[in-house]
Amino acid sequence: MTAEPVIDTQPDPTAAAPTVRASLSPSRAADFKTCPLLYRFRSIDRLPERPTVEQVRGTLVHAVLERLFDLPAGARTPESAGDLVAPQWDRLVTEQPELATLFAEGDTAAVEGFLRSAAALLEGYFAVEDPRRLEPAEREALISAVVDDELLIRGYLDRLDVAPDGALRVVDYKTGGAPREAFEARALFQLKFYALVLWRTRGVVPRVLRLLYLKDAEVCDYSPDADELLRFERTVVALWQAIEQATARQDFRPRPSRLCDWCSHQALCPSFGGTPPPFPVAGPADPLTDARSRPAAPGADE
Ligand code: SF4
């Protein structure tokens with residue numbers, strides 16, 4: 001899709017406002033789908049997760065790609081992207097000083113190697129897209145919709161392209177080095193989530209959901225249809241009902257899978273001989289305050 005103005009059909013402002021009771025992000029929904037106990041650890045216990053180098057590299061590459069489109073189209077070259085890596089890293093460290101602790105103090109060689117690895121992922125990006133020919137309609141945009149009259153679904157999409165005929169393309173950058181097969185279903189679930197939000201708010205089913213695997217320099221396109229999104233909507237609502245039931249019963253069971261290799265909470269997981277902490281007495285935090293920060297779900301989303 002080439003550079004074109006945004007055609008944005010906004011929701012009907014005269015429609016009665018629904019009474020939103022809860023919210024769900026694609027990351028949290030995918031957590032529950034992957035493993036209910038993982039959902040509990042992240043969303044109810046809110047256990048801290050120390051980001052890995054790989055996740056932080058993903059954050060950095062996303063930041064560079066976002067800034068790249070601030071440049072005039074003709075200036076969006078691999079060299080320009082490479083020039084953004086160090087300044088974006090400095091910005092991230094200033095905003096989140098804990099990121100600097102990923103590397104031993106004074107270990108400039110490790111930091112330089114990290115920045116080079118981020119630049120290598122950007123080469124993968126340029127192998128599959130030419131940003132000089134694109135003018136994204138939205139980047140890092142928070143989108144949301146209410147489904148089933150009371151559930152707010154929302155998330156940040158990496159990029160939205162709009163074609164001259166109004167067709168939408170949702171683009172998600174994948175930067176992780178983990179085997180794709182382990183994460184592809186989760187990634188597609190996330191994209192369908194965005195497609196559902198766009199369909200419900202703009203009345204347009206996205207023509208393409210695109211995963212860009214930067215490490216492999218590969219593109220995975222998927223085209224949903226309205227029937228599929230309708231079924232997906234029922235799935236999301238059913239998922240939320242299951243989360244509510246599990247919360248009421250304080251019953252979140254582990255579901256071991258290959259994704260356990262990327263889980264930060266094995267030590268507390270019964271499937272690995274651990275014991276979860278007592279269920280929080282105050283109950284889960286207000287789901288309407290569930291905001292995403294990148295990486296939204298360390299290890300699993302990238
Ligand atoms: S280790 Fe596996 S089964 Fe246990 S909480 Fe994590 S993802 Fe779930």
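Predicted model: local features only at pLDDT ≥ 70, side-chain atom pairs only at ≥ 80, totals over all residues.
Mentor: Begin with a definition: a helix is a DSSP run of H or I with at least four residues, and helices are numbered from the N terminus.

Trainee: Which residues in H7 are buried?

Mentor: Leu-229, Glu-233, Val-236, Trp-240 and Ile-243 are buried. To be called buried, a residue needs 20 or more other C-beta atoms within 10 Å of its own. As for the spacing, residues three or four places apart in an α-helix point the same way, because there are 3.6 residues a turn.

Trainee: Why is Gly-166 called partly exposed?

Mentor: Gly-166 has 14 other C-beta atoms within 10 Å. Exposed requires 12 or fewer and buried requires 20 or more, so a count in between is called partly exposed. Gly-166 therefore counts as partly exposed. As for its place, Gly-166 is in the loop between strands S3 (151-162) and S4 (168-174). Its C-alpha is 9.5 Å from that of Pro-206, although the two residues are 40 apart in sequence.

Trainee: What makes strands S5 and S6 a pair?

Mentor: Pairing takes at least two bridges. S5 (residues 208-213) and S6 (residues 218-222) are joined by five and run antiparallel, so they meet the cut-off of at least two. As one example, Arg-210 has Asp-221 in S6 as its bridge partner. The two strands form a hairpin with four residues between them, and Ala-217 in the turn has a positive phi of about 50 degrees.

Trainee: How do you know that the largest nonpolar core lies between domain 1 and domain 2?

Mentor: That core has 55 residues, and Val-61, Val-64, Val-170 and Ala-195 have the most contacts inside it. Helix H6 (residues 180-202) gives the largest share, ten residues. Domain 1 (22-48 + 135-289) and domain 2 (53-133) both contribute residues, so the core lies between them.

Trainee: How many residues surround the ligand, and which are the closest?

Mentor: The ligand is surrounded by 14 residues, the closest being Cys-35, Pro-254, Cys-260, Cys-263 and Cys-269. By class, this shell holds ten nonpolar, three polar and one charged.

Terms used: Residues numbered from 1 in each chain as written. Near = placed C-beta within 6 Å. Nonpolar A, V, L, I, M, F, W, Y, C, P; charged D, E, K, R; others polar. Core = buried A, V, L, I, M, F, W, Y, C linked by C-beta atoms within 7 Å. Domains from an automatic or database assignment.
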